[in-house]
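Hello,

Here is the structure I promised to pass on. My notes on it follow below.

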Amino acid sequence: MASETMTAKSGWKISAHPISWWMLGVTTLAIFMTSVDAAILPTVLPSIQTEFHLDATQAGFVNSMFFLGSIVGALIFGTLSDVIGTGYRRTWTWIIAMGLSVIGGALTYVFGASWLAFVLLRLVMGISRGGSEPTNVALISEWWQREDRGFAVGTHHTGFPIGQFLGPAAIALLIGVTSWQGVFLLLPLVGIPIMVAQAFLGRRANQEKVYGWIRGRGMTPPLPEISQRGQLRNPVSVLREVITDRNARLAIVMIFLFLWSELGVSTFIAVHLHEKAGMSLAAAALASGASGITGWIGQIGWGTLSDRLGRKFALRIIIAGWVVTVALLAVVHAPWQGWVLLLLWGLFRNSPYPVTYALLIDSTPRAAGSAMGLIIGIAYGVSGLLVATVAGFFIDHWGWTANYLMLAGSVALCLVPLAFLRETVARTFASTPASD
């Protein structure tokens, strides 16, 4: 698949059709629910460890089951996304994926006291997670002009930091009035009105209005046509098609390394704050989501900056900030230290994903939804499948400092694939398209 280089916008003003803005709001809420679902297990992990008598390595295994489900979800829903179709049709793929989270949460409440049922239901909720994010990223990219793709995907991804803060905060409140099983029941129910709104907004007539508005103002529609019903394809052949693009291969590596670090931190940060900073379980749960308070700044800021000054330029800043803040988590021994560093980490935590995803969509403009699902889902699923157990082993055998240095080091390695990435946004003051 040939990559494309587009000219960066010369100004900073963002204009879009009202329906595009509404779709941005709804898909941001969808990502918010994806974030909340992913936050439930790490936040209630101390309670689960107590009930089932788990050490850190065993707790990491439980989390790994969730990410094994993510791989399955990426394969299933990536292909289903093509079968149902692109554009407005992709709405239904996300609704089906999100519905599994609601079902999995309800069944966890009913059968959560059984160790076997609890572990198996991590697979169900992992399938939902693996299918929902890549589908939603592709969805929002098909409702905004290409010239503002970094802004749209970055703003859409603010649902993650918002969920990372409000999710643990809500969980901390719920823990006081219900069991940890009750948390799995109540929080996913919030996704139901979001699914209804998504179904109402994501219609063909609305997308036709958006594409007409984009063309009428001399901008580039994200798709050559409104929607295309897909055909069932072999996911392996789709993946093979995508990885022939150099940027796509390097993007997979970068996403994997970023997720390895993020998931390694988020899985055990509540445990760290409880054990080493002397915080109560509720206080640790609340503080573990502190990065969400500042996360939206980086999401919108770095995404928009990448539209103007290039994807690689923004990623260099993000990598540097991430390495420093994650490494410094090793010195946290007081509540205020945890809050300060997690707030700083929030400026960088979620930002690499929308910038890298925008670069990926730039590079493979004709990639099927199944390709996006496979790339994002597998990078997320494989990293999550492995890192929780590895981080737990580091903590058990070498301590928290070694664990954070290992996680910071994984992000530093992102500089290697970044050096070989081809820039997809040509700066307006450049005489020729960027090609470094």
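Let me begin with the lining of the largest cavity: by class it has 15 nonpolar, nine polar and four charged residues (Ala, Val, Leu, Ile, Met, Phe, Trp, Tyr, Cys and Pro count as nonpolar, Asp, Glu, Lys and Arg as charged, and the others, Gly among them, as polar). Please keep in mind that this is a predicted model, where local features need pLDDT of at least 70 and side-chain atom pairs count only at pLDDT 80 or more, while totals for chains, interfaces and linings use all residues. Residues are numbered from 1 along each chain as its sequence is written, and side-chain values use heavy atoms, with hydrogens and water left out.

That lining is made up of 28 residues, and Ala 38, Gln 164, Glu 262, Ser 266 and Arg 349 lie nearest the centre of the cavity. A cavity here is a set of points on a 1 Å grid, over the protein atoms alone, where a 1.4 Å probe fits but cannot get out; lining residues have an atom within 4 Å of a point. Helix 11 gives the largest share of the lining, seven residues (helices are DSSP runs of H or I, at least four residues, numbered from the N terminus).

Glu 142 counts as buried because its relative accessibility is 6%, the cut-off being under 20% relative accessible area with a 1.4 Å probe and protein chains only. Its side chain is joined to that of Arg 90 by a polar contact of 2.7 Å (a pair of N or O atoms within 3.5 Å; within protein, one must be able to donate a hydrogen and the other to accept it, and residues adjacent in sequence count only if both atoms are side-chain atoms).

Best wishes

Definitions and conventions. On a 1 Å grid over the protein atoms alone, a cavity is a set of points where a 1.4 Å probe fits but cannot get out, and a pocket is an open set with protein on both sides within 12 Å along at least five of seven lines; lining residues have an atom within 4 Å of a point. Helices (H or I, at least four residues) and strands (E, at least two) are DSSP runs, numbered from the N terminus. Buried means under 20% relative accessible area, exposed over 50%, partly exposed in between (1.4 Å probe, protein chains only).
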